[in-house]
Amino acid sequence: MINGLPPAAILILGAFLVPFLKGRLKSAYLLLLPAIAFITVVSIPEGIHWTVGFLNYDLVFGRVDRLSRIFGYMFTIISFIGTLYALHLENEDGQHVAAFLAAGGALGATFAGDLVSLFVSLELMTIASTYLIWARGTEASYTAGMRYLLVHLFGGLCLLVGIIIHVHQTGSIEFGVIGLNGFASYLILIGFGINCAFPLLHAWLPDAYPEATITGTVFLGALTTKAAVYALARAFPGTEVLIWIGAAMTVFPIFYAAVENDLRRVLSYSIVNQVGFMVAGIGIGTTLAVNGAVAHAFNNILFKALLFMSMGAVMHQTGKSNATDLGGLYKTMPLTTLFCIIGAVSISGFPFFNGFVSKSMILAAATHEGMGMLWLVLLFASAGVLHHAGIKIPYHAFFAHDSGIRTKEPPVNMILAMGLAAFLCIFIGLVPGPLYNILPHPVDYQPYTGAHVLDQFQLLSFAVLAFCLLILAGLHPVEIRVILLDVDWFYRKGAKVFYRLAKFLFKDPSPEAASPQLSGEGKGIPGGAKVNP
Amino acid sequence: MKEGRFFDQPHNVKRLLMGFYIFLVLLIVVDLFFPKHPVVPWEGYPSFYGAYGFVAYVTIVVASNYILRKLLKRKEDYYD
C-alpha cells in the first residue's frame with residue numbers, strides 16, 4: 001500500500017474546490033490538479049494499490065501495469081492541455097468541475113482492478129460528459145445531450161447486466177481478460193462498444209460532440225472513446241470480430257466526413273475512423289498490433305485535441321463552424337492556421353509527425369499476420385483520413401474562398417494549449433523512442449526505414465495530387481448547407497412516433513406529451529440557461 | 001495587423017504547385033530504384049502506394065458526393 005490518493009481521486013475530489021477560488025489562484029490550481037495527477041501516475045510502482053473491502057469483494061482503485069499506466073499518462077496530459085485551453089473561462093466553474101470529473105472517471109476506469117469500480121467510473125464519465133454538452137446552453141445542445149445520456153445509460157445498463165452475470169458465473173469481480181465466451185461477455189462488449197462508437201452504435205458521437213461547448217469537446221473527444229479502447233485492450237485482446245468491427249469503423253465515417261458541412265462534426269466522424277484503427281489493432285491481438293493500438297490512442301489524443309482546439313479557436317473568434325461560412329482565415333489567424341496544419345499532417349500520418357509512428361505499427365501488424373485484405377482496407381482509410389482531416393479541415397477553415405471574415409488570434413491560453421499539443425505531435429514524430437518505451441509490450445519496430453517513408457509519402461502525396469487536380473478542373477464538389485441522416489434517425493424519428501402513439505393511446509392532456517424534447521421539439525432549456533459559446 | 005495575401009497571388013500558387021509536381025516525379029523515380037522487401041505482394045509493384053492513394057481519394061470524393069449525399073441529405077431543420 002502506498003500513500004496519497006489515486007490519480008482519479010485527485011481530479012474528482014480536487015474539482016470541488018474550484019468554485020471557492022478566484023483569479024490567478026484559481027488558474028494556478030486548475031493547472032496544478034492535472035499536473036499532480038500526472039506526477040502520481042509517473043510515480044506509482046507497478047502492482048495493486050488502494051484496495052477497499054466492499055460486501056464480500058475487494059475493490060481495487062489502483063491496478064498499475066504498463067497498459068494502465070500509459071492510458072493514465074494520456075488522460076492526465078490531455079487534462080492539462082484541455083484545462084489550459086479553457087483557462088479563460090473564469091465564470092464557468094461548472095465546466096471546469098465537469099471536465100475534471102469526466103477525466104477522473106476515465107482515470108478511474110483506467111486504474112480499476114475490478115468491474116464494479118470500472119462501471120462506476122464509466123458512469124461518472126457519462127454524467128460529467130453530458131454536463132459538458134448541456135453547458136453550451138443551446139436548445140440543440142440540450143436535446144443532443146439528452147440523447148447522449150439515454151444512449152450511454154443504455155450502454156451502461158448492458159455493461160451492468162453483463163457484469164452481474166459474469167460475476168455470478170465466475171465468482172470474481174476482477175477486471176481482466178474476458179474474451180467472447182457467452183451471453184455475459186457479449187453484453188459487456190456491447191457496453192464497451194457503445195462508448196467506443198462501434199458501427200450502428202456510433203451515432204451519439206457525431207450527434208453530440210459538435211453541440212458541446214468549445215472547451216468541453218476537447219475533453220469529450222479524448223476521454224470516452226479512449227477509455228473504451230483501454231477497456232477493450234484489457235478485456236478483449238485478440239478477439240477476431242474486433243478486427244472487422246475496427247475495419248468498418250475506419251471506412252464508413254470517411255464518407256460521412258467527406259460531405260459533412262459542420263467542421264466539428266467532420267472531426268467527430270474522424271474520431272470514429274481513428275478509433276477504428278485502434279479496435280482493429282486490439283482485434284489482431286499480437287504484441288505489435290496492441291502496441292500500435294495503444295500508441296495510436298496516445299497520439300490520437302494529441303492531434304485530435306489539437307484539431308478540435310483549432311476549430312474551437314475559429315468558433316470562439318467567429319461564432320461559426322460550418323465550412324460554408326468559413327474560409328480565408330489564414331490571413332488573420334496565422335498561428336491557429338499553423339497549429340491546425342500540424343494537427344492535420346499528424347493525423348494524416350505524414351512521416352516526421354506522430355500519426356506516422358503509431359498507425360504504421362497497426363498496418364505492419366496486419367501484413368505480418370498475412371491479412372492482406374485488412375491491410376488494403378486500412379490503407380484506403382488512411383487516404384480517407386487525409387481527405388477529411390488532412391485537407392478538408394484546414395482548407396475550408398483557413399483557405400478556400402475568402403469568407404471576408406476578419407478576426408484575430410484567440411486568447412493566449414488557447415494559443416499555448418495548441419502550441420503544447422503541436423509540439424508533442426512533432427516531438428513524438430521525430431523521436432518516437434520515449435513513446436515506444438512506455439508501450440505495454442517491448443517494441444521491436446522501426447518506423448523510419450527508407451521504403452516506409454517513401455511509400456507513405458507516395459500514398460499521401462498522390463492523394464493530395466488528386467485533390468489539386470479535382471480543384472483545378474472545377475470537379476471538386478463544394479460544401480452545401482445540409483445535414484446527413486445517420487443511425488440516430490431511428491431513435492429521433494422513432495421517439496416522435498412513440499410519443500404520438502402514447503398520446504393517442506393514453507390521451508395525455510399535458511402539452512409536453514405533444515412536444516417531446518427528446519426529438520428536438522422542446523420549447524427551450526429548463527431554467528432558461530444562458531447560451532455559452 | 002497586415003493581411004497575408006500569399007495565396008491570393010496566382011503566381012505564388014503556381015510556384016507551389018510546380019514544386020509539388022517536381023516532388024511527385026522524384027517520388028516515382030526514386031521508387032523505381034529503391035530496394036523493397038514486400039510483405040504483401042502488391043507492395044512490390046512500382047509506385048503502388050501512389051496509385052492507390054490517388055484512386056482511393058477520387059473514389060472517396062465521388063462516392064461520398066454522388067451517392068451518400070444524394071441518398072441521405074436533408075434540410076438543416078429536418079429534425080426540428
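Reply: Start with the contact between the chains: two residues touch if their C-beta atoms, placed from the backbone, lie within 7 Å. Here chain A brings 43 residues and chain B brings 38 residues. This is a predicted model, where local features need pLDDT of at least 70, side-chain atom pairs count only at pLDDT 80 or more, and totals for chains, interfaces and linings use all residues. Residues are numbered from 1 along each chain as its sequence is written, while chains are lettered from A and ligands numbered from 1 in the order in which they are written.

Me: Which element gives the most to the side of chain A that touches chain B?

Reply: Helices (H or I, at least four residues) and strands (E, at least two) are DSSP runs, numbered from the N terminus. H18(A) gives the most, with 16 residues.

Me: How do I read strand pairing across chains?

Reply: Strands pair if DSSP finds at least two bridges between them. E3(A) and strand E1 (residues 73-74) of chain B do that in the antiparallel sense, over 2 bridges, with A:Ile483 opposite B:Arg74.

Me: And is helix H12 (residues 287-318) of chain A buried or exposed?

Reply: A residue is buried if 20 or more other C-beta atoms lie within 10 Å of its own, exposed if 12 or fewer, and partly exposed in between, with C-beta atoms placed from the backbone. In H12(A), 29 of the 32 residues are buried, so the helix is largely enclosed by the rest of the structure. Just after H12(A), A:Gly319 has a positive phi of about 75 degrees.
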